[in-house]
Number of protein chains: 2
Amino acid sequence: MAEKIKRPKARNYKGFRDTFSEDILLRRKMIETIREICERYGFSPLETPALEYVDSLGKFLPEEHTPEGGIFSFKNPDLSSGTREDHPDWWLGMRYDLTAPLARVVAQYQDLPKPFRRYQLGQVWRYEKPGPGRFREFYQFDFDSVGAASMIADAESCAMVCDMLEALGFARGDYIIQVNDRKALQGALECAGLTESDITDENSQVGVALRAIDKLDRVGRDGVTELLGKGRKDTSGDYTEGAGLDTKQIDIIHAYLDARSDSRTEVCDSLGKLVADSKIGCEGVEELRQIDSHLTDLGYSADRVRFEPTVVRGLGYYTGPVFEGIITKEIVDEKGKKRSFGSIFGGGRYDTLVQRFTGQKTPATGGSVGVDRLLAAMLLLDKKKAHNSCTTEVLITIMDKSRLTDYLQLVQKVRAAGINSEVFVGNGSIGKQLQYADRRGIPLALIAGSDEFSNGEYQIKDLELGRRLAADIEDRDEWLKGRPSQQSVKADELMSKLKELLADYRAK
Amino acid sequence: MAEKIKRPKARNYKGFRDTFSEDILLRRKMIETIREICERYGFSPLETPALEYVDSLGKFLPEEHTPEGGIFSFKNPDLSSGTREDHPDWWLGMRYDLTAPLARVVAQYQDLPKPFRRYQLGQVWRYEKPGPGRFREFYQFDFDSVGAASMIADAESCAMVCDMLEALGFARGDYIIQVNDRKALQGALECAGLTESDITDENSQVGVALRAIDKLDRVGRDGVTELLGKGRKDTSGDYTEGAGLDTKQIDIIHAYLDARSDSRTEVCDSLGKLVADSKIGCEGVEELRQIDSHLTDLGYSADRVRFEPTVVRGLGYYTGPVFEGIITKEIVDEKGKKRSFGSIFGGGRYDTLVQRFTGQKTPATGGSVGVDRLLAAMLLLDKKKAHNSCTTEVLITIMDKSRLTDYLQLVQKVRAAGINSEVFVGNGSIGKQLQYADRRGIPLALIAGSDEFSNGEYQIKDLELGRRLAADIEDRDEWLKGRPSQQSVKADELMSKLKELLADYRAK
C-alpha cells in the first residue's frame, strides 16, 4: 500500500498576493508614464537591496498596527555563534520604504554628485495587520533630491506629481496636492508652550501632539481636542493617552489647523501671524512662502497645489515642508459603492536623515507615490474600457498533428510580422483549444487543417467579438460594426488581415 | 559637553549591492527587449511575492556553498507563542527562484487556462557564499509553459532564447544553446546498473552520479571518473564521496558523455544505441528527436541549438529535456583580461513540481535567463560605445538668484518640449554647477543671467563634447566634427537647437 504523502498546501503568506497579467500590464503602463515624467524633471534611477542592516533602516514607521516595529527582520545568518546580540550587524530587515536606504546610499558613497536626484521603483515590506486593500508587500515609486537646500526642489516635487496624475488621465480637480510645513506646525506648538526642540522624536510631547493632529480626518476636531488634552477612548473602548495640554494651548493649535484657505498667500499670512513669536515657526512660514512663489513660477496654482495646515504625514523624519497627494474624485466600485482612495502620494523634507550616519546635516526632500493604491483607483476608473489584458494576439490551433511542420513554420511567420502568437502546446480538441484562447483573452485564433494548408487558405476566428458582444463596455457598438466572427483568408493576405483585425484591439 | 552619539555605519549587507543609473538603464533596455520577444511567443506576465512559506518552496537548490539550505528564512512572526515548530506555517523564506512560486500558483489557482504560459521578471535571494560576480540578490527572467506536454514548448524555449540574444546584439556564433535530456541520461545510468527510479532525489546513487557529471567542466574527465567511482580529493584537500561505481559502469556513462556531435540527429542516433535497453532512456532519446524536428521546423539549426550529452543542470526538479545557454564569445574586460561568461540561461522540463502540491502530474517546461550575468557581459561588450548614462539632458544653471522666476519658467518650457531638464537646486557657483553637470553626465548646460534674459539669448555649453574628447570611444571623431563647446542661441531657436544637439547623443 502506498504511504500517505504529506503535501504542502498551496497558499500565500498573509498579506501577500500574486498579480496576474491585466493588473501588471496596466501597472507597467502607469509606471512608464510616471518614470518618463520623473526623468523629464531630472531624476535618474537607483536600485538598492531588499535586505538592509536594521540599524541602517532606523525606526521611522508610525507605531500603530505595527507589531515588532513594523518590519520583517531576522538574525543575520553570517554571524558566528559567539556573537553578542548588540553587534550592529545582528539584525537584518526587509526595507520598509525607499527613503531610509537612500540615506544609507548617500552616506556610503560620499563622492556622489550633489544634488543627488534619484528615483527608485521598488517593493517595500511592512509587518502590519493586513486588511482589505492593505498589503504587507507593495510598490513605491520614490523621487528625492539630496543635497538640495532650495525650496525649488520641494515645489517641483508637488508640480511633478500633478504632471504625473494628469498624464495618467486624472483631470484637474480630480486630485489635489496639499502642503504644510513641520517647522510652521512646530512654531504653533511652541506658541502653545511646547518647546521641546526635536520634532523627529516621536515620544516627546511635540511628537504626541503631532500624532494627535495627524488623526484629524479619522477622529474629527473633537477627537483631536481630546488627544491633545487628557486622552481619548475610541468606539472600541481602546484608550489613547493624550498630550496633556490645557484648553488655552489646544485653542492655539486649533487656530493653526483652522487657518485654511483657497489662497496660498492667505494661509501664509494667517500662519505668519499665529507663529510670529516663534523663530522656527517663522522659518516654516518663510519656506511656505518660497514654495508658493516657486509653484506660481512653475505654473501651478492652488487648484492643484494648496496649503493645508492640517497635513502632518505620519513618518517621524520630516523636518520642514510636507506634502500629500489625494484623489478627490469619487470612484464607484464594481458593487456600485462609492470609494475614496485618499492619499496616493506623500513626501516632504528630511534634512537630518543622512546626518544619522555622517553627523553632517544634509538637506534633502522628496516624495513617494503609492503605486498600488493609484493602480487600484485607475482600475476602477478604467473598468468600462476594454483592456489589452492578454499579450498573446493570435492562437494557432492545431487540428492535424501530422502537419506540425506547417504550424510551426506558420507561427514563426506570424511572429516575424511582429504579432504575438503561439501554437497550442497542451492537449485537446479544437474546441478545447478555442476555449483556452477565449479564457485567456486571446483576440484571434487561426484554424487550419490539411485542406487549408493545401489550398493556402486559413480560417480566422474573432474571439474578441464574442467577448465584446457579452461585455458592457463603452465602445462596444462602434467596435462590432461589420466584423464577421469567422472569415477565410488567403495565405498571402494573412498577415495584413491579422494586423487589420488587431489594429483596433491594440489601440485600446 | 555633547554626548558621543553612536552612528550606524553606512554599508551593504554582504553579497548585496546598490545599482546606479548607467547599469539600470542598460538593464531596462535589455529587459524590454527580452520581454517583447517573450510576449511575441505567447507568454504573459505574472508576479509573485518575495516571501513564501518554506514548505511551498521545497528544497531544490544544489547543495554546494549553501549554508542552511541556501535560502534566507525566518520564523513566521504571525504565529502565537504556543505554536509547535512543525507547524507548516512556521518558516517563511525569501524566494530563491521563480519556478517554485510558479508551481505554487498553478496549484493554488486550479482554474487557470492551461497551458499557463507566463513570464516573470524578479529578484531572487540565495544564502550562498558571495564572491566576485556572485551576489545573494539577483534578477531572473523566467518563462514557463505549465500544462504543456508537447515538446514544441521545449523547442520554443530554446528558439526564443536565440531570438533574445540576437536581438540584444549577440551575433550567431557568439552564443550556443545546449540541450540534453535527463531521461536519456537516466537511461545511460540504468544501462550502467543504476536502477533507482527517482532522478529528482539528490541523495540517491543516481543523484550523486548526476552531480558528478554536472562537474565535468570544473573537474575534467578524470575528475568525473573519480567522482563516479570511489571519490575525489580536490586541490584544497577537500574530499567528495563518490558514487561507488566500477570501471565498467563508469565506461558506459563516459560513452554517453562522449557522444558529442555537431549533428543533432547523430547525437540522437548514438544515444539511442547506448540506451536501447532502457525504457526511460528510449523515451528521453525520443524527446530529443522531437525537439530536433520542432527546432528544424522553427528554423533553428545546430549552429544555434545543439545537443550536448554532458549538460545536467544543477536543480533537482528536472525530469526530461534540459537546456543551457552560453555566451561563447570571449570578452576582454577593463583590465584586458579575457573573461568567459558561461551560462546565461538554464531550464528544462519539470513534470512533477506541481504534483508536490496537487498529487497530479502536470507537464511543465521553461527556462530562466540570468539577467545580471547577461548584463555584465553586455556592459563589457558595449564599453567602447558612448552611453546615455544620465537621463537628464539639460541643466539650467542659476547665475542670478533674483531671476528665479525666469529660470523656473524656462525649465518648464524645456520640459514641455520633451527634454529632460532640471534647474540646479543645490548651492554653489556657476563653476560648481557645471562641475555637477559634468560629473553626473548631463550633456548640455544652459547659462543665462540678467543680460541674457533681457536680450532673449542663452548660452549653451556642450559638456558631452569635453567628455568625448577625453574618452576612447569608437564613434568619437565623427561625433566631434564641427561642434563648438559653447554657443549663443536666440530664445525662439532655443528648443530646436537643444533638440539638434541632443539628437546625436540620444541616438546612442
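Chain A is assigned two domains: domain 1 spans 21-184 + 260-265 + 275-381, and domain 2 covers 394-507. The model is predicted. In chain A, the C-alpha centres of domain 1 and domain 2 are 46 Å apart.

**Relation between the chains**
- Chain A is superposed on chain B by a rotation of 180° with 0.0 Å of shift along the axis, at an RMSD of 0.1 Å.
- The two copies are therefore related as by a two-fold rotation axis.
- A:Phe74 is the residue of chain A that comes closest to the rotation axis, its C-alpha lying at 3.1 Å.

**Interface between chain A and chain B**
- Contacts between the chains involve 84 residues of chain A and 84 residues of chain B.
- On the side of chain A that touches chain B, helix H13 (residues 404-416) of chain A gives the most, with six residues.
- That side of chain A consists of 37 nonpolar, 24 polar and 23 charged residues.
- Because 100% of the interface residues of chain A are also interface residues in chain B, the copies meet through the same surface.

**Packing of helices H6 and H7 in chain A**
- Helix H6 (residues 205-214) of chain A packs with helix H7 (residues 216-228) of chain A at an angle of about 145°, and their axes are 7 Å apart.
- From H6(A), A:Ala209, A:Ala212 and A:Ile213 meet A:Leu216, A:Val224, A:Leu227 and A:Leu228 of H7(A).
- The contact of H6(A) with H7(A) comprises seven nonpolar residues, with no polar and no charged ones.

Conventions: Residues are numbered from 1 along each chain as its sequence is written. Chains are lettered from A and ligands numbered from 1 in the order in which they are written. This is a predicted model: local features need pLDDT of at least 70, side-chain atom pairs count only at pLDDT 80 or more; totals for chains, interfaces and linings use all residues. Copies are superposed by least squares on the C-alpha atoms of residues with pLDDT of at least 70 in both. Two residues are in contact if their C-beta atoms, placed from the backbone, lie within 7 Å. Helices (H or I, at least four residues) and strands (E, at least two) are DSSP runs, numbered from the N terminus. Ala, Val, Leu, Ile, Met, Phe, Trp, Tyr, Cys and Pro count as nonpolar, Asp, Glu, Lys and Arg as charged, and the others, Gly among them, as polar. Domain bounds come from an automatic or database domain assignment. Axes are lines fitted to C-alpha atoms, for helices over the stretch in contact, and angles run from 0 to 180 degrees between N-to-C directions.
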